[in-house]
Amino acid sequence: MRVNYLTDGPISKKLISGLIEKMGEKTDSGGHMVFFGQVRADEIDGKKVKAIEYSAYEELVRVEGEKIKKTIFSEFPDVKSVDIIHSTGIVKAGEISLLVFVSAGHRHQAMQACSKTVELIKENLPVWKKEIFDDDSHLWK
Amino acid sequence: MEVKVLFFGVLAEVSGTSFKHYNNVKSIGDLKLRIQDEFPEIVHYNFRISLNSELTDNDLMLKSGDEVALMPPFAGG
């Protein structure tokens, strides 16, 4: 299953379970590391974040996503696969907006590569977020 | 000649649109001035530029059909 890189709305349990079901096919892997980014109900000036609206530059997401994977595969040669899925549109507090799934031969590189992938996403993926508060006002981050 | 300009994140809100076409712009620098004239508030925001899905910091020449994106700092995750 290759679902990179964007999905409309929150990352569904179905999508997550689909990736987990396919895990067993990767018999060259001894470790899988998954990161879930979740929308947090931050409180700012007495207002609570009820959702985040994400937007992305789709073509550039693909270009930068491929670069991230290339970096990971060259820095962590034990890594067998990297999946990156980011939400666009509205994701409510408590829902998942980012999924990184890294499989490697052994645990150390799986863990390190997953962490590095998340950092590279934060730095390089052209995605923007607008926090929407419970009074429907918003704040660009 | 015509180029397409994409506005992302807060810049889409500032300009009131997600994209716009501009005629007769020679370079990225030229285009930036045109956009600043039209949306003066944009100077208060930091943004990066991409030309045809490639990030650039240079004042490149533009040709018809080019796609330029104005992108505030990324905020994924």
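1. **Chain A, element by element.** In this predicted model, chain A is built from three helices and eight strands. If you walk along the sequence, the elements come in the order β-α-β-β-β-α-β-β-α-β-β.

2. **Overall shape of chain A.** Computed along its principal axes, the box that holds the C-alpha atoms would be the next thing to look at: its sides are roughly 50 × 25 × 25 Å. Among contacts in chain A with a separation of 6 or more, 78% join residues 24 or more positions apart.

3. **Helix H3 of chain A.** This helix covers residues 107–124. It has 18 residues and runs 25 Å from its first C-alpha to its last, close to the 26 Å expected at 1.5 Å a residue. Which residues of H3(A) are buried? They are Gln109(A), Ala110(A), Ala113(A), Cys114(A), Lys116(A), Thr117(A) and Ile121(A). Look at the spacing of those numbers with this in mind: an α-helix has 3.6 residues a turn, so residues three or four places apart point the same way. The cover over the buried residues of H3(A) includes strand S2 (31–38), helix H2 (58–75), strand S5 (79–92) and S6 of chain A.

4. **A closer look at Cys114(A).** Apart from neighbours within four places in sequence, Cys114(A) is in contact with Met33(A), Phe35(A), Val100(A) and Val102(A).

5. In soluble globular proteins, nonpolar side chains tend to be buried together. Here the largest nonpolar core has 49 residues, and those with the most contacts inside it are Val102(A), Ala113(A), Val127(A), Phe8(B) and Leu31(B). Strand S6 (residues 96–104) of chain A gives the largest share, six residues. Val102(A) touches Met33(A), Val79(A), Val82(A), Ala110(A), Ala113(A), Cys114(A) and Thr117(A), leaving out residues up to four places away in sequence.

6. **Where the chains meet.** How many residues does each chain bring to the contact? Chain A brings 18 residues and chain B brings 13. The chain B side has eight nonpolar, five polar and no charged residues.

7. **Two residues with positive phi.** Asp136(A) has a phi near 70 degrees, a positive value in a residue other than glycine. Asp136(A) sits in the loop between strand S7 (127–133) and strand S8 (138–140) of chain A, and it is exposed, with 8 other C-beta atoms within 10 Å. Ser53(B), also not a glycine, has a positive phi of about 65 degrees. Ser53(B) lies in the loop between strand S3 (48–51) and strand S4 (55–56) of chain B, and is partly exposed, with 16 other C-beta atoms within 10 Å.

8. **Confidence.** The predictor gives the complex an ipTM of 0.92 and a pTM of 0.93. Chain B averages a pLDDT of 96, and 100% of its residues score at least 70.

Notes
Residues are numbered from 1 along each chain as its sequence is written. Chains are lettered from A and ligands numbered from 1 in the order in which they are written. This is a predicted model: local features need pLDDT of at least 70, side-chain atom pairs count only at pLDDT 80 or more; totals for chains, interfaces and linings use all residues. Two residues are in contact if their C-beta atoms, placed from the backbone, lie within 7 Å. Ala, Val, Leu, Ile, Met, Phe, Trp, Tyr, Cys and Pro count as nonpolar, Asp, Glu, Lys and Arg as charged, and the others, Gly among them, as polar. Helices (H or I, at least four residues) and strands (E, at least two) are DSSP runs, numbered from the N terminus. A residue is buried if 20 or more other C-beta atoms lie within 10 Å of its own, exposed if 12 or fewer, and partly exposed in between; C-beta atoms are placed from the backbone. A nonpolar core is a set of buried Ala, Val, Leu, Ile, Met, Phe, Trp, Tyr and Cys residues joined through C-beta atoms within 7 Å. pLDDT is the predictor's confidence in each residue, from 0 to 100. The expected span of a helix is 1.5 Å times one less than its number of residues.
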